[in-house]
Amino acid sequence: MGKFDRFFEDDRSPPRRGNSENPGGAPDDVRGLPAGEWLRRGVYKMERFYKIGCKYGRGSLGNPDEMEVMGHLGASGDVVFLDLETTGLSGGAGTYAFLCGLGRVFGGRFKVTQYFLKSPAYEPQWLDAIDADIPAGSTIATYNGKNFDVPMLMTRHVLSRMNVHWQSYPHIDLLHLSRRFYRGYLESCSLGSVERSVLGVVRSGEDVPGCLIPQLYLRYLRER
């Protein structure tokens with residue numbers, strides 16, 4: 001869940017420390033979470049801030065809200081980057097998300113917020129926390145989100161009988177843009193491939209392979 005931290009070099013503020021084991025009546029049967037706080041029972045929130053201009057691979061972190069290219073792609077208002085970790089890639093009612101990352105400029109820095117779902121029993125509260133963190137009139141940006149992440153969240157909202165205030169917001173899928181630029185030049189346009197070949201970012205060996213994430217979460221549900 002801290003995969004963003006290893007790629008940036010800056011003087012970012014340290015994460016807010018708190019008792020992630022049992023703060024203020026939070027669940028006491030979940031162990032080993034990174035620094036953060038329980039928003040409500042079953043929903044855990046982690047935040048990190050990164051300085052605009054800090055080194056990222058071969059380049060530096062820019063402000064997406066000020067990038068002319070984002071406007072050409074249809075962005076308006078704040079740009080909110082969204083990514084999910086799920087129990088599978090097949091989609092449908094039997095697959096659900098348990099970790100959502102949101103990234104946007106906040107207070108002159110880039111803020112990455114991650115929402116962890118303790119168990120499916122708390123999914124409506126988890127979805128509500130995510131929705132509350134997407135500003136009105138913003139633009140959603142994803143990587144393959146038009147085919148997976150956003151339809152997944154919409155399905156989970158429908159099953160929880162919840163409305164989505166950001167359903168009609170502009171959506172920029174950066175995978176489609178990458179394919180337009182790099183298809184035929186890169187061996188693939190997967191996020192990892194673009195990171196390595198275009199941005200000069202190499203993921204740490206500490207990162208969990210994506211294929212193992214669903215089974216790790218299912219194991220967590222059994223063992224906490």
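A residue is called buried when its relative accessible area is under 20%, exposed when that area is over 50%, and partly exposed in between, as computed with a 1.4 Å probe and with protein chains only as cover. By this definition E123, at 6% relative accessibility, counts as buried.

The structure is a predicted model, in which local features need a pLDDT of at least 70 and side-chain atom pairs count only at pLDDT 80 or more, while totals for chains, interfaces and linings use all residues. Residues are numbered from 1 along each chain as its sequence is written, and side-chain values use heavy atoms, with hydrogens and water left out. The pLDDT is the predictor's confidence in each residue, from 0 to 100. Its mean over the protein is 86, and 85% of the residues reach 70 or more.

The secondary structure comprises 6 helices and 10 strands. These elements are DSSP runs numbered from the N terminus, with helices (H or I) of at least four residues and strands (E) of at least two. Of the 224 residues in the protein, 46% are buried. Among contacts with a separation of 6 or more, 64% are between residues 24 or more positions apart. The accessible surface comes to about 11900 Å², and carbon and sulfur atoms account for 51% of this surface. Accessible areas come from the Shrake-Rupley method with a 1.4 Å probe; for residues, only the protein chains shown count as cover.

Helix α6 spans residues 213-223. Within α6, the residues I213, P214, Y217 and Y220 are buried. Seen down the axis of α6, the buried residues fall within an arc of 120°, so they line one face of the helix; the arc is that of the directions from the helix axis to the C-beta atoms. The cover over these buried residues includes the strands β6 (79-86), β7 (97-106) and β8 (109-117). On the face of α6 turned away from the buried side, R222 and E223 are exposed. L216 also belongs to α6 and is partly exposed, at 39% relative accessibility. Together with V208 and L212, L216 makes a nonpolar surface patch of about 220 Å². Patches are made of residues with over 30% relative accessible area and no salt bridge; like charges are joined within 9 Å, and nonpolar side chains (Val, Leu, Ile, Met, Phe, Trp, Tyr) within 5 Å.

A search of the whole structure finds 8 salt bridges, each defined as a side-chain nitrogen of Lys or Arg within 4 Å of a carboxyl oxygen of Asp or Glu. One of them joins E123 and R156, with the closest N and O atoms 2.7 Å apart. E123 lies in helix α2 (residues 123-132) and R156 in helix α3, so the pair ties together parts that are 33 residues apart in sequence. R156 is buried, at 8% relative accessibility. A further salt bridge, between R219 and E223, has an N to O distance of 3.3 Å. Both residues lie in α6, 4 residues apart, about one turn of the helix. Salt bridges that share partners also join K45, E47 and K111 into one network.

E187 is located in the loop between α4 (174-182) and α5 (191-199), and it is exposed at 74% relative accessible area. Its side chain meets that of R196 in a salt bridge of 3.9 Å, N to O; R196 is partly exposed, with a relative accessible area of 44%. When residues up to four places away in sequence are not counted, E187 touches S193 and R196. The C-alpha atoms of E187 and S197, 10 residues apart along the chain, are separated by 9.6 Å.

Backbone angles were also examined. Most residues other than glycine have a negative phi. N144, although not a glycine, has a positive phi of about 70°. N144 lies in the loop between β9 (139-142) and α3 (145-159) and is partly exposed, at 28% relative accessibility. R161, likewise not a glycine, has a positive phi of about 60°. R161 is found in the loop between α3 and β10 (171-173) and is exposed, at 80% relative accessibility. Just after α6, R224 takes a positive phi of about 60°.

Notes. Contact = heavy atoms within 4.5 Å.
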